[in-house]
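My notes follow the model below.

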Amino acid sequence: MIEPLKHLGTTQVQPEKLDAGFSDIAPPLSKRQAALESERCLYCYDAPCVNACPSDIDIPEFIRQIAQDNVDGAAKTIWSENILGGSCARVCPTEILCEQACVRNKAEECAPVLIGQLQRYATDNADKSAHPFQRAQASGKRVAIVGAGPAGLAAAHRLAMLGHDVVIHEAQPKSGGLNEYGIARYKMTNDFAQKEVEFLLGIGGIEIVHNSALGRDITLDQLKNDHDAVFLAIGLGSTRTLALGHEDAPGVMPAVDYIRELRSTNDLNTLPVPESAVIIGAGNTAIDMAVQIKRLGAEEVHLVYRRGEEAMSATDHEQALARDEGVQIRTWARPETIELDNSGKVAGMRFVRTTLDESGKLVDTDRSFSLNAQAIFKAIGQVMITEDLDPAIEISGGKLLVDEQLRTTLAGVYAGGDCTGTGQDLTVEAVQQGKKAAESIHQDLMAAGDK
Ligand SMILES: Cc1cc2nc3c(=O)[nH]c(=O)nc-3n(C[C@H](O)[C@H](O)[C@H](O)COP(=O)(O)OP(=O)(O)OC[C@H]3O[C@@H](n4cnc5c(N)ncnc54)[C@H](O)[C@@H]3O)c2cc1C
Ligand code: SF4
C-alpha cells in the first residue's frame, strides 16, 4: 500500500494499453538486425566509443565477434569488464556515452552504431549454461560487502573471481539495488534484474544475506573484525526534502518510493494514480516518474524545475520521451507552497518564477503561478544515510570520501557507487567502481599477505 496516496483511485487505463506502456521500451535486435548493425562498425583504432564507456568495454572487439557470429565470445568480452553488461545495455544513457562518441554519429550517417542494442543482443543470447569465468585458487581471505546493488554485485563477482570469499549484507529482501527497485519498469522487464543476479552468482564463492542492514542487524566493527576487508556499496537511501510546510500531507511523497512499488507489484491495477500530478526535479528519477505516472493514466502531469532546460541532468533523449508522453516540462519555477483542500489533502502547488541575476545567481522574481495536483512527487535528489557509519569515515559533500583506489579514510574499508562522490550516479559507473574497488582490495590483501 502506498500510504500517502491511499485516498486516490486506481488506474482507468485499458489493460492492453497498460501492458504496452510498461513493456520493453527498446525491443531487442533480431539475429539479422544484429548482423547488419555490427557491419556498420569501423573497428576504429583507439576507438572513441571505448574512451567514452565508463566500464572500459572493448566495444569494437565485441562488435567484431557479433559480426563473426561469435555471440558467446562477444558476451565474454563485455562481461570481462562489466559483469552487469546486460542491465547496462538496457539502462545506460548511451546517447551521452559510447554512442555519442561513435565516429558514425554524424547527420550524414543517420545514426551512431547501436552499441547498447548490440551489447544487449550479445549478453541476452550468449550460452549461460556454464558460468563463463572461473575462480582463481582460494586466497583464504574473506571480504564483506554492504549493499547488493550494481556496485556491490560487481565487486563481489570480481573478488570471487580473484579467489576471495565474499559475504554481501543486503537490507532489502532482494538483490539488485536500484536495478530491482528503481529503474523505470519499461527499461528492465521480465524480472531481468534477478536473472542477472543469478547469472553473476554462478561464479561461486558469494553468499548474500538478505534483510540484513548495517546499523540495524550488523555493525561495521563486527564486519571489520570478521573479515579481511569491507566494501561499502550502500547507494543513497533517502530523498532530499523540499523544506516546505505540509510536506507530510496525504498526496506528497518521494518519487523513488512510488517507483519502488511500481517495480515491485505484479498488478499495476492496484497502484493509486492521481488525475493530476506535479513532479519536482530535473533528472532521471523525475523523468521516469513523470512518464510512468502518465502511462498509468494521470491526465495532467507537470515536471517543474527551478532552472532552464539546458541545466537539466536528464538527457535530451529522456526529455523528449517525457514530452512525447504528454508531460508538460516547466522550467524557471521554484516550489513555494503546497496547497491543501479542506480535508488537508494535496490540491496543488504554488511556484515562484525564477531567473538568473547579473552575477549568474538563481533568484526569485515577483511572478508566481499555481498548478492543480492531487499528488506531488519529489525527485530532487537522494542523500546518503550516514548515521550507521564509523565517524572515522570522512564524508565530503554528503558522500563517502574515497581515494583513487576507492579506499575510505578508515583502514580496511573501501566504498563505491552512488554513495561516493566519484563519477556520475549511473549504473555503469557503479559497476566500474565496484570492479575497481575489488581490484584495490585484492592488491592490498595480497601485499599485506606477503609481509
Ligand atoms: C529512479 C531512478 C532511476 C534511475 N535510472 C537510471 C537509468 O536509467 N540509467 C542509469 O544508468 N542509472 C539510473 N539510475 C541510477 C542508478 O540506478 C544508480 O547509479 C545505481 O543503481 C547505483 O548503484 P549502487 O550499487 O551504488 O547503489 P544502489 O543501486 O542504490 O544499491 C545500494 C544497495 O545497498 C543496500 N543498502 C543500503 N543501505 C544499506 C544498509 N545499511 N545495509 C545493507 N544494505 C544497504 C540497498 O538496499 C541497495 O540494495 C537511476 C536511479 C534512480 C533513483
Ligand atoms: S566509434 Fe563507432 S565505428 Fe568506431 S569502433 Fe566504436 S562503435 Fe565502431
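These entries go from the whole chain down to single residues.

**Ground rules.** I am working from a predicted model, where local features need pLDDT of at least 70, side-chain atom pairs count only at pLDDT 80 or more, and totals for chains, interfaces and linings use all residues. Residues are numbered from 1 along each chain as written, chains are lettered from A and ligands numbered from 1 in the order written, and side-chain values use heavy atoms, with hydrogens and water left out.

**Whole chain.** I looked up the secondary structure and got 16 helices and 17 strands; these are DSSP runs numbered from the N terminus, helices being H or I of at least four residues and strands E of at least two. The C-alpha trace spans about 70 × 55 × 50 Å along its principal axes. Of the 451 residues, 51% count as buried, where buried is under 20% relative accessible area, exposed over 50% and partly exposed in between, with a 1.4 Å probe and protein chains only.

I count a nonpolar core as buried Ala, Val, Leu, Ile, Met, Phe, Trp, Tyr and Cys residues joined through side-chain atoms within 4.5 Å. The largest has 79 residues, and F62 and I168 are among those with the most contacts inside it. A second, separate core of 38 residues includes A255 and V301. Back to F62: beyond four places in sequence, F62 touches residues including A74, T77 and I78, contact meaning heavy atoms within 4.5 Å.

**Helix 5.** A74, T77 and I78 also turn up among the buried residues of helix 5 (residues 71-81). I checked what covers that buried set, and the cover includes helix 4 (59-67), helix 6 (85-91), helix 8 (115-125) and helix 11 (192-201).

I found an open sheet of 3 strands, order 10-11-12, with antiparallel pairing; two strands pair if DSSP finds at least two bridges between them. Strand 10 (333-340) and strand 12 (362-372) stand at the edges with a single partner strand each, so one side of each has no neighbour in the sheet. Strand 10 and strand 11 (residues 346-356) pair over 7 bridges, and E339 stands opposite G348 in strand 11.

**Buried loop residues.** H164 sits in the loop between helix 9 (150-161) and strand 2 (165-169), yet H164 is buried at 0% relative accessible area. Among its contacts beyond four places in sequence are R135, K141 and H442. A184 is in the loop between helix 10 (178-181) and helix 11, and A184 is buried at 0% too. Beyond its sequence neighbours within four places, A184 contacts R263, D288 and Q292.

Most residues other than glycine have a negative phi. D46 has a positive phi of about 50 degrees, and H246 has one of about 65 degrees. Buried or exposed, I wondered of D46? D46 is exposed, with a relative accessible area of 56%, while H246 is partly exposed at 43%.
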